[in-house]
Amino acid sequence: MLVLTRKINEKIVISTDIVVTVLSIDRDQVKLGIEAPKDISVHREEVFEEIVRSNREAILDAGKRGEILSKYLRIHRHKGN
Amino acid sequence: MSEGFVDINSLEVSEKDIINIKGGLIGMPELKRFILMEFDEDSPLHWLQSLDDSRIGFVVSDPSLFSDNYTVTLDKRVQEVLEIGKDDDLVVMVVVTVKGEAQEITGNLLGPIVVNAKKRIGCQVVLEDSEYSTEVPLKKMVDTSEKAQKTMVEIMV
């Protein structure tokens, strides 16, 4: 792991277009500002992991029923089209 | 046909049926192209079927099955990803999990899928600062006549 020491308002540049700024430090909390291109999504790790877990669970679980359900399914056409 | 599941090759899918989930589902970036399928006209549940992997599909629903006055806030990045224009309709879908013997149904209100229906672009959004969870139980009473169930989409400016 690369370890860098930064002060408030100092930045880290990742690749050419991701910039992380240390905005404030309060005891054990650090506030970071992240600028990144729109195709890069940035999430708190625990929130990200929770959604990945939930997505997997929904898919795994649905897979068991997919075959049974499939005969009742038809393509939904958007009314506006 | 691959084992079980929806036989995507037999479906007559036209380009405008496809929903392009930008960046894929969270944690599954390879799953980008989906079609929305319905069980029956009035069902609040739909099936989101991957066109990239026929084995992958899951149940989605209107958020009102899980929460009244559900509010989804879209930040600038997501607005750009969804290419939201003035006359575009946004559709909010909740990923549904049906668990265990008891068939307990929960909805992921923390990470809804928002779709620009006109442009067929979708994105799984993380409501970072919300109180919503990934496992919200089904509401006891589903009263579809109740107007208070409306889902709100807020555009952050």
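Which residues have the most contacts inside the largest nonpolar core? They are B:Val60 and B:Val114, and the core to which they belong has 42 residues. The model is a predicted one, and it holds a chain A of 81 residues, of which 12% count as buried, and a chain B of 157 residues, of which buried residues make up 36%.

**Chain A: elements and sheet**

- Chain A has one helix and four strands, and from the N terminus on these elements run in the order β-β-β-α-β.
- Where contacts in chain A join residues at least 6 apart in sequence, 0% of them link residues at least 24 apart.
- Three strands of chain A make up an open sheet in the order β1-β2-β3, with antiparallel pairing; its edge strands are β1 (11-14) and β3, each of which pairs on one side only.
- Within this sheet, neighbouring strands are turned against each other by 25° on average, with direction ignored.
- Strand β2 (residues 18-26) of chain A is joined to β3(A) by seven bridges, and the two strands run antiparallel; in this pairing A:Asp26 stands opposite A:Gln29 of β3(A).
- The strand β3 (residues 29-35) of chain A is hardly covered, since the count of buried residues among its seven residues is zero.

**Chain B: elements and strand pairing**

- Chain B has one helix and 10 strands, which follow the pattern β-β-β-β-β-α-β-β-β-β-β when read along the sequence.
- Among the contacts in chain B between residues at least 6 apart in sequence, 59% join residues that are at least 24 apart.
- Strand β8 (residues 121-124) of chain B is joined by two bridges to strand β1 (residues 18-21) of chain B, and these two strands run parallel; here B:Asn20 is the residue that stands opposite B:Ile121 in β8(B).
- Strand β8(B) is also joined by four bridges to strand β7 (residues 104-116) of chain B, this time with the strands running antiparallel, and B:Val115 stands opposite B:Gly122 in β8(B).
- The strands β7(B) and β8(B) form a hairpin with four residues between them, and in the turn B:Arg120 has a positive phi of about 60°.

- In soluble globular proteins, nonpolar side chains tend to be buried together.
- Apart from neighbours within four places in sequence, B:Val60 is in contact with B:His46, B:Leu48, B:Met93, B:Val94, B:Val95, B:Val96 and B:Ile113.
- B:Pro112 is found in strand β7 of chain B, and it counts as buried because it has 24 C-beta neighbours inside 10 Å, where 20 or more are required.
- Once neighbours within four places in sequence are set aside, the contacts of B:Pro112 are with B:Pro63, B:Val72, B:Val92, B:Met93, B:Val94 and B:Val125.
- Although B:Pro112 and B:Val60 are 52 residues apart along the chain, their C-alpha atoms are separated by 9.4 Å.

**Residues with a positive phi**

- Most residues other than glycine have a negative phi, and the following residues can be read against that background.
- A:Arg27 lies in the loop between β2 and β3 of chain A, and these two strands form a hairpin with two residues between them.
- The phi of A:Arg27 is near 50°, a positive value in a residue other than glycine, and A:Arg27 counts as exposed because it has 5 C-beta neighbours inside 10 Å, the cut-off being 12 or fewer.
- B:Glu83 has its place in the loop between α1 (76-81) and β6 (90-99) of chain B, and its phi is likewise positive, near 50°, in a residue other than glycine.
- With 12 C-beta neighbours inside 10 Å, B:Glu83 counts as exposed, because exposed residues are those with 12 or fewer such neighbours.

Definitions and conventions:
Residues numbered from 1 in each chain as written. Chains lettered and ligands numbered in written order. Predicted model: local features only at pLDDT ≥ 70, side-chain atom pairs only at ≥ 80, totals over all residues. Contact = placed C-beta atoms within 7 Å. Pairing = 2+ DSSP bridges. Core = buried A, V, L, I, M, F, W, Y, C linked by C-beta atoms within 7 Å. Axes fitted to C-alpha atoms, helices over the stretch in contact; angles between N-to-C directions.
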